[in-house]
Amino acid sequence: MNKTPLTVAGAEKLRLELHRLKTVDRPNVIAAIAEARSHGDLSENAEYDAAKERQGFIEGRIAEVEGKLANAQIIDPTLLDADGRCVFGATVQLEDMDSGQMVTYQIVGEDEADIKELKISVSSPIARALIGKYAGDIAEVQAPGGVREYEIIDVRYI
């Protein structure tokens, strides 16, 4: 399997989720199954069916998170020495060439991407257009509404 890039913060977030799944969610669903069993006939027991379905989801998510962590290549942006180049983990300040609007994104792994937190996936069109470029360069992004141009104002590794 290929290694999946992940920032230190993203790996920690997955570890916390895995811990919660194993120590809180799994015991809760086991208790719910036991409670539903105590109600008698399982063939017509909706509580039992729902608890078993939830257990399947939790066990699947545990396996998924464990797999992601096992195949993770954890990258600490503060230790990068990319000479000002846009790379995975970098925080990039951009100016939209049309509107003049400024925006700052961090380039992260697919599991960490969250536009509300201004974190974009390394495989997104904008990140692919930025990778390898330096402050002062213009990045052309193929957006659904057509090509958009962004000037790279600053690249930081924080």
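These notes go through the predicted model point by point, from overall shape to single residues.

1. **Overall make-up.** The protein has three helices and seven strands. Read from the N terminus, the order of elements is β-α-α-β-β-β-β-α-β-β.

2. **Overall shape.** The radius of gyration is 22 Å. The globule rule gives 15 Å for 158 residues, so the protein is more spread out than a compact globule. The C-alpha trace spans about 70 × 35 × 25 Å along its principal axes. Buried residues account for 34% of the 158 residues. Take the contacts between residues at least 6 apart in sequence: 55% of them join residues at least 24 apart.

3. **The sheet.** Five strands make an open sheet, in the order β5-β4-β3-β7-β6, with mixed pairing. Which strands stand at the edges? They are β5 (119–121) and β6 (138–143). Each has a single partner strand, so one side of each lacks a neighbour in the sheet. Neighbouring strands are turned by 45° against each other on average, direction ignored. As background, strands of a sheet pair through backbone hydrogen bonds, either parallel or antiparallel.

4. β6 and β7 run antiparallel. Six bridges join them, and β7 covers residues 146–156.

5. **The largest nonpolar core.** Nonpolar side chains tend to be buried together in soluble globular proteins. Here the largest nonpolar core has 19 residues. V92, L94, I126, L130 and I152 have the most contacts inside it. At least two residues come from each of β3 (91–96), β4 (102–108), α3 (125–130), β6 and β7. Which element gives the largest share? Helix α3 does, with four residues.

6. Set aside the neighbours of L130 within four places in sequence. L130 is then in contact with C86, V92, L94, I107, A139 and I152.

7. **A second core.** There is another, separate core of 10 residues. Among them are A11, L14, L21 and I58.

8. Side chains of opposite charge can pair when their charged atoms come close. The count here comes to 10 salt bridges. One of them joins K22 and E66, whose closest N and O atoms are 2.7 Å apart. K22 lies in helix α1 (residues 8–37) and E66 in helix α2 (residues 46–70). The two residues are 44 apart, so this pair links distant parts of the chain. K22 is partly exposed, at 34% relative accessible area. E66 is partly exposed too, at 34%.

9. K68 and E64 meet in a salt bridge at 3.1 Å, N to O. Both lie in helix α2, four residues apart, which is about one turn of the helix. E64 is partly exposed, with 39% relative accessibility.

10. **A salt bridge across the sheet strands.** R148 pairs with D96, and their closest N and O atoms are 2.2 Å apart. R148 sits in β7 and D96 in β3, so the pair ties together parts 52 residues apart in sequence. Is D96 buried or exposed? D96 is buried, at 4% relative accessible area. R148 is partly exposed, at 33%.

11. **A network.** Some salt bridges share partners. These join E17, R61, E64, K68 and D111 into one network. The network includes the K68 and E64 pair, described above as lying in helix α2.

12. **Two backbone angles to check.** Phi of D83 is near 55°, a positive value in a residue other than glycine. D83 is in the loop between β2 (72–75) and β3. D83 is exposed, with a relative accessible area of 63%. L118 also has a positive phi, about 60°, and is not a glycine. Where does L118 lie? L118 is in the loop between β4 and β5. L118 is partly exposed, at 39% relative accessible area.

Note on methods
Residues are numbered from 1 along each chain as its sequence is written. This is a predicted model: local features need pLDDT of at least 70, side-chain atom pairs count only at pLDDT 80 or more; totals for chains, interfaces and linings use all residues. Side-chain values use heavy atoms; hydrogens and water are left out. Two strands pair if DSSP finds at least two bridges between them. Axes are lines fitted to C-alpha atoms, for helices over the stretch in contact, and angles run from 0 to 180 degrees between N-to-C directions. A nonpolar core is a set of buried Ala, Val, Leu, Ile, Met, Phe, Trp, Tyr and Cys residues joined through side-chain atoms within 4.5 Å. Buried means under 20% relative accessible area, exposed over 50%, partly exposed in between (1.4 Å probe, protein chains only). Contact means heavy atoms within 4.5 Å. A salt bridge is a side-chain nitrogen of Lys or Arg within 4 Å of a carboxyl oxygen of Asp or Glu. The radius of gyration is taken over C-alpha atoms; the globule rule is 2.2 Å times the number of residues to the power 0.38.
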